[in-house]
Amino acid sequence: MTGTFAISLDFELMWGVRDHASKADYGAHVLGEREAVPAMLDLFERSDIHATWATVGFLLCEGRDELLARAPEERPSYANARLSNYSYIDETGGSEREDPYYFAPSMARQIISCPHQELSTHTWSHYYCLEEGQTDDQFRADLKTAVAQLRDWQVDCQSIVFPRNQYAQRHLRICAEEGLSVFRGTEESWMYRSGNGESQSLLRRAARLADTYVPLSGDNAPSSLTDGPIIDIPSSRFLRPFNRRLKRADGLRLARIVNAMRHAAATGGVFHLWWHPHNFGANTAENIAFLKRVIQAYHMLADQFGMTSANMAEIAACPPARAQLH
């Protein structure tokens, strides 16, 4: 069995950060996606890289009017109202041209026109499944809306990435009932365990940062995928963006990724790398250069071990051995 190199990207624009950031303090990163996404797509096409773009449904709308027309009656009733992206609709514009911070159907068209790129869902509203106040019925309504919208885009949605990696078994059952077949789960280590915002302690955040450079949590490249309501392709590594203050540690950051990829290639495992396009919205050249080095390492492993590139839907269609869910 050959190893697999999977990439997924959480495509969100401002919808992914609006609960804790504004256009004034993070908008430049979001606008920078308009340079970063074409650069990534060009690199993927030239390098024959397959990837999944988990996309917030709000951003696929042409503007505010379409968003409001598509919105379900059941909306998340978070105890913390700031978490709801419905709270920010009034600040959006009438079109992508007027408001490139919130709408990007043209970018989504670029993605689906690029070979081997999968457009999947990151939920309709960037829905937080584990936050206090929301209900399973509200999640189902959100998911139905996202899947129907992608159907209008001629996309048979198979994959989901949960915002902030918040999910439980009941959410996977709802996904299966709505026709999805695969999701991106979390690493097994305690520092990555799924939970709501309050559970993300300073200790867990610090441990994840350290794990970027030293192997605290292991390779996270399973040779079998969990058999549950839908297939779990767990994350192996978050591609943390370039940081000038930590530039001297970039060799460790790369080695951490490549060593885990090598383990997957040698054992028939799946190495799943993920990030947000807005992570590349600043220092775009440096981030693309680093990604090129990762892809170069993949090609060396493909030559040595036969490692292949696949998006999430492709892996679900032809998965490695599947372990029983306990």
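# Close-up views of a predicted model

**Figure 1. The side chains of R170 and D136 form a salt bridge, with a distance of 2.9 Å from N to O.** This pair connects distant parts of the chain, since R170 belongs to helix α6 and D136 to helix α5, 34 residues apart. The structure shown here and in the following views is a predicted model. R170 counts as partly exposed because its relative accessibility is 34%. D136 is likewise assigned to the partly exposed class, at 28% relative accessibility. In the whole structure, a search finds 16 salt bridges.

**Figure 2. A salt bridge joins the side chains of R140 and E178 at 2.9 Å, N to O.** R140 is part of helix α5 and E178 is part of the loop between α6 and β5 (182-183), so the contact ties together parts of the chain that are 38 residues apart in sequence. R140 is partly exposed, having a relative accessible area of 23%. E178, by contrast, is buried, with a relative accessible area of 18%; the limit for a buried residue is under 20%. The view also includes K144 and E177, which are linked with R140 and E178 in a network of salt bridges.

**Figure 3. Within helix α3 (residues 64-70), E66 and R70 are separated by about one helical turn.** Their side chains meet in a salt bridge of 2.8 Å, N to O. The two residues are 4 places apart in the helix. An α-helix has 3.6 residues a turn, so residues three or four places apart point the same way. E66 is partly exposed, with 23% relative accessibility. R70 is also partly exposed, with 26% relative accessibility.

**Figure 4. D142, in helix α5 (residues 136-152), is buried but has no salt bridge.** The nearest side chain of opposite charge is that of R75, at 9.0 Å from D142; a salt bridge would require a nitrogen-to-oxygen distance within 4 Å. When residues up to four places away in sequence are not counted, D142 touches T123, W124, S125 and Y127.

**Figure 5. The buried residues of helix α4 (residues 105-113) are P105, M107, A108 and I111.** These residues lie on the same side of α4, because they cover an arc of only 155° around the axis. The elements that cover the buried residues of α4 include the strands β1 (4-11), β2 (51-55) and β3 (117-121). Helices α1 (23-47) and α2 (57-60) are also among the covering elements.

**Figure 6. Strand β3 is mostly covered, with 5 of its 5 residues buried.** Q117, L119 and T121 point one way from the strand, while E118 and S120 point the other way; all are buried. β3 pairs with β2 in the parallel sense, over 5 bridges.

**Figure 7. S236 lies in the loop between β7 (231-232) and β8 (237-238).** S236 counts as buried because its relative accessibility is 0%. The side chain of S236 reaches the backbone nitrogen of H272 at 2.7 Å. Apart from neighbours within four places in sequence, S236 is in contact with E187, D219, N220, A221, V270, F271 and H272. Of these, A221 is 15 residues from S236 in sequence, and the C-alpha atoms of the two residues are 5.9 Å apart in space.

**Figure 8. Q154 has a positive phi, near 65°, in a residue other than glycine.** Most residues other than glycine have a negative phi. Q154 is found in the loop between α5 and β4 (159-160). Q154 is exposed, and its relative accessible area is 72%.

**Figure 9. R164, which is not a glycine, has a positive phi of about 55°.** R164 is placed in the loop between β4 and α6 (169-177). R164 counts as partly exposed, at 37% relative accessibility.

Methods:
Residues are numbered from 1 along each chain as its sequence is written. This is a predicted model: local features need pLDDT of at least 70, side-chain atom pairs count only at pLDDT 80 or more; totals for chains, interfaces and linings use all residues. Side-chain values use heavy atoms; hydrogens and water are left out. Buried means under 20% relative accessible area, exposed over 50%, partly exposed in between (1.4 Å probe, protein chains only). The arc is that of the directions from the helix axis to the C-beta atoms. Contact means heavy atoms within 4.5 Å. Lys and Arg count as positive and Asp and Glu as negative; His and the chain ends are not counted. Two strands pair if DSSP finds at least two bridges between them. A polar contact is a pair of N or O atoms within 3.5 Å; within protein, one must be able to donate a hydrogen and the other to accept it, and residues adjacent in sequence count only if both atoms are side-chain atoms.
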